[in-house]
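Dear colleague,

Please find below the structure that I am handing over to you. My notes on it follow directly after.

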Amino acid sequence: MDGGVKAGGFLYTNKESISIGAVISMGDLRKNNQTYSFNVIEQFKDHPFIAPLIQDGRVEEYSAHLVPEGGMSVDSVYGNGYMIAGDTAGFTFSNGLVLQGMNYAIVSGIVAADSFMEKKGKGSDMNFANYGENLAKTFVMKDMKNFSGIDRVTWSETIHNTIPAIAEDAMLNIFSEDGNPKKHLSQIVLSSALKHKDKRKDLAVDLYRMIRRL
Amino acid sequence: MMKIEDRLSLLNYKIDKSYAHITVNPSICETCPDHFCTFACPAKCYTLIDEKLNFKYEDCVECGTCDTACSHGSVAWTNTKGGHGVKYKFG
């Protein structure tokens, strides 16, 4: 986006409407300190790829939400008299294509209710350690552990700038005719990547993280 | 570009006139070096008027952003009291 603010866009098709939105990095917004968050969605709607898709559409509703990525540790989501579920516990993450969170909210909410029922009528102990134990058995905590640190990949310079630049350069090369013998695809991509050799360390680290985390 | 004011006008609110679910500390805001809240809030609840921070909780979409965005400890964020606040049609 303008001013180097990293953002991601989504467009979901519902039965009789669409949901269009933008996810913005708060860290980048802070560094930039001149982009208004409420304008980013309008920039996305004006993008040449998006504008024709929503032409003549009418806005029915506007909303916003903070997305706390990362997830709390299983030992931090309960205590004496309380259990933390859903996005309050940071049970969200994005792999760059799909933003997960609703599923974790539903499951952690059910587990919290079940954990409360386990304690109900069994004395005054209201330390919900059982919630932590029960939650650890579900895909919620398994995913949080498995994908921990993924935000460092999805919000990296490599994903948002370097790889798109390499892809653009490679595609331009592939689809251009300059009268010279054609190169292999691997040679083209390597040649495009070498143009960004100042970023090679970041590229290598982020590619390793991508393979491990994505 | 659709103005934020026009977008907010599509929402229904039941405003609690006796209770502001978010409050700011004016003495902290007065010396704030960045006023990041004015850029971060997606409902334009935080604006600068004559270099002074103006805050209105009535337009809040209850996203929780300002609670995290303000790194100077000025924002005190709570949930709206039952039945009050923004009403969404589509969730």
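Which residues of helix α2 (residues 37-45) of chain A are buried? They are Ser37(A), Phe38(A), Val40(A), Ile41(A) and Phe44(A). These residues lie on the same side of α2(A), because they cover an arc of only 155° around the axis, the arc being that of the directions from the helix axis to the C-beta atoms. A residue is called buried if 20 or more other C-beta atoms lie within 10 Å of its own, exposed if 12 or fewer, and partly exposed in between, with C-beta atoms placed from the backbone. Helices (H or I, at least four residues) and strands (E, at least two) are DSSP runs, numbered from the N terminus.

Please note that this is a predicted model, in which local features need pLDDT of at least 70 and side-chain atom pairs count only at pLDDT 80 or more, while totals for chains, interfaces and linings use all residues. Residues are numbered from 1 along each chain as its sequence is written, and chains are lettered from A and ligands numbered from 1 in the order in which they are written.

The buried residues of α2(A) pack against elements of both chains: β1 (7-13), β2 (18-24) and α1 (26-32) of chain A, and α1 (4-8) and α3 (37-40) of chain B. Two residues are in contact if their C-beta atoms, placed from the backbone, lie within 7 Å.

The contact between the chains takes 17 residues from chain A and 24 residues from chain B. On the side of chain B that touches chain A, α1, α3 and α4 (65-69) of chain B each supply at least two residues. By class, that side has 17 nonpolar, three polar and four charged residues; Ala, Val, Leu, Ile, Met, Phe, Trp, Tyr, Cys and Pro count as nonpolar, Asp, Glu, Lys and Arg as charged, and the others, Gly among them, as polar.

Chain B itself contains four helices and six strands, in the order α-β-β-α-α-β-β-α-β-β along the sequence. Its C-alpha trace spans about 40 × 35 × 20 Å along the principal axes of chain B. Of the 91 residues in chain B, 27% are buried.

Finally, Asn80(A) is placed in the loop between β3 (78-79) and β4 (82-83) of chain A. Asn80(A) is exposed, because 9 other C-beta atoms lie within 10 Å. Leaving aside neighbours within four places in sequence, Asn80(A) is in contact with Met126(A) and Asn127(A). The C-alpha atoms of Asn80(A) and Met126(A) are separated by 5.4 Å, although these residues are 46 residues apart along the chain.

With kind regards
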